[in-house]
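Have a look at the model, then read on.

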Amino acid sequence: MTEPAVLTVIDPATGRVLRQVPAAGPEQIETTLARAESAYDGWRRIGFTERAKLLRAVAAELRRGSADYAMMMTEEMGKPITEARGEVEKAAWAAEHYADHAAEYLATETVASDATRSYVQYLPIGPVLGVLPWNAPFWLAFRFCAPALMAGNTCVMKHDPHVPGCAAAIAGAFRAVGAPDGVFASLPIATPDVEAVIRDRRIRAVSFTGSDRGGAAAAAIAASEIKPAVLELGGSDPCIVLADADLNAAAEVIALSRIINAGQSCIAAKRIIVERPVHDELVEKVRVRLAALRVGEPREETTQVGPIAREDLRDNLHRQVRETIAAGATCVLGGELPEGPGYFYPPTLLIGVRPGMAACAEETFGPVAAVMTAVDADHALDLANATPYGLAASVWTTTERGEAIAAELEAGQVSVNGIVKTDPRLPSGGVKRSGYGRELGRAGIHEFVNAQQVWVGPKRD
């Protein structure tokens, strides 16, 4: 008889095993999917007002238990405790945003035709599976579930195997406020079991956040079953700094973008593309800011940069740095593995990075900034778009010029003179190998609904 899979949690600050959690077996999988299907019929019928009451109650529960929820994130994936508390608050905001706006976003639209009356109404489609990564355990869960639930779907969450405590805590928040059984569930399955769940007839759609390789596999399975999918995948996000930029503001945001969540963010600026006349000045401003950061124990309030989430991820990040230096780039800060326990990596600044180097060609998931030189704005734009990814981008210049450049950037979202971030009010997603579909905003709640056309006769002449 095959031994059941075990999900092992390792504290990235120490490298010690924190806990081992049995993965869901066939019986738990069947029970979870059956309950999601059973709950759907009642949940889709209760209307926006009652759904909103539940989402607001969950938001209140998140805030009530913020300290505990934040510490669970810090323990399981190393997010600094101050950032973890902020993530819990952002997850609550997402729940409240859709509670407040779902009825508006999904309002029936009258469309003139030859009918006496014709319209489009937006109806739920059934249980939706969310396959989520570890880097923002609470925020990504609510980015997935808040719009899907408010649309009248039920949600099954398959969270990353390295954050089972976070997954259980999220499901516990729903139970704590009396959510109907099956409306939201955590399904802690091992990765090999994901395919069968996607194929299960009761799952009607898939939301996947993760690597492009994993997204391609999930999308292929969903497509073979004729099921819709939304993919939010990796990025090699460019940040263009032109000669007319506010360099102090740009440097401040670039440094912050590289160290939020220890740089483990799909939408963080990764390739810093600087126009030649201001290259040296901008690099020095970024270097000073990165050098001043406090790296350390993520449970401490003063820590600004915590550990990388896993040892293999840190090893890969260091490989990318060493290969980039070997290919001719210069490391002006960091770039060395620290001694001692845990998976820490220092803020690192590479200059002289060129297309084809590892830190440019691959997604870097850590506190590493790769600086490239552009001869002018057109060259900067060419460098920015020379990637198979297209998730997010930013540009620092005058407002008018920045908005014009935004239209030329091959990215799902662009920030002009500011940090790239996700916001419940605005759609988020990528193009090219960064995925398809959108999450958040009005567009996000429209991904998993049936846009049903209704034609009411008699026909008009």
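Helix H4, residues 81-105, has 25 residues, so at 1.5 Å a residue it should span 36 Å; its end C-alpha atoms sit 34 Å apart, which agrees. Bear in mind that this is a predicted model. H4 also carries a kink of about 40°, centred on Ala99.

Now for the way two other helices meet. Helix H1 (residues 26-45) packs against helix H2 (residues 47-64) at an angle of about 115°, and their axes are 7 Å apart. That angle makes H1 roughly perpendicular to H2. On the H1 side the contact involves Trp43, Arg44 and Arg45, while H2 brings Gly47, Arg51 and Leu54. Sorted by class, that's two nonpolar, one polar and three charged residues.

Zooming out, UniProt (in an unreviewed entry) places the feature "domain: Aldehyde dehydrogenase" at residues 7-454. Over that stretch the chain is 42% helix and 18% strand, with the end C-alpha atoms 48 Å apart.

What about the backbone? Most residues other than glycine have a negative phi, and most peptide bonds are trans. Two spots are worth a look:

| Site | Backbone value | Location |
|---|---|---|
| Gly457 and Pro458, cis peptide bond | omega about 10° | Pro458: segment after strand E18 (449-456) |

Definitions and conventions:
Residues numbered from 1 in each chain as written. Predicted model: local features only at pLDDT ≥ 70, side-chain atom pairs only at ≥ 80, totals over all residues. Heavy atoms only, no water. Helix = DSSP H or I, 4+ residues; strand = E, 2+ residues; numbered from the N terminus. Expected span 1.5 Å × (residues − 1). Bend = angle between axes of the 7 residues up to and from the residue. UniProt positions renumbered as here; feature names shortened; annotations may be inferred. Axes fitted to C-alpha atoms, helices over the stretch in contact; angles between N-to-C directions. Parallel < 35°, antiparallel > 145°, perpendicular 65-115°, else oblique. Contact = heavy atoms within 4.5 Å. Nonpolar A, V, L, I, M, F, W, Y, C, P; charged D, E, K, R; others polar.
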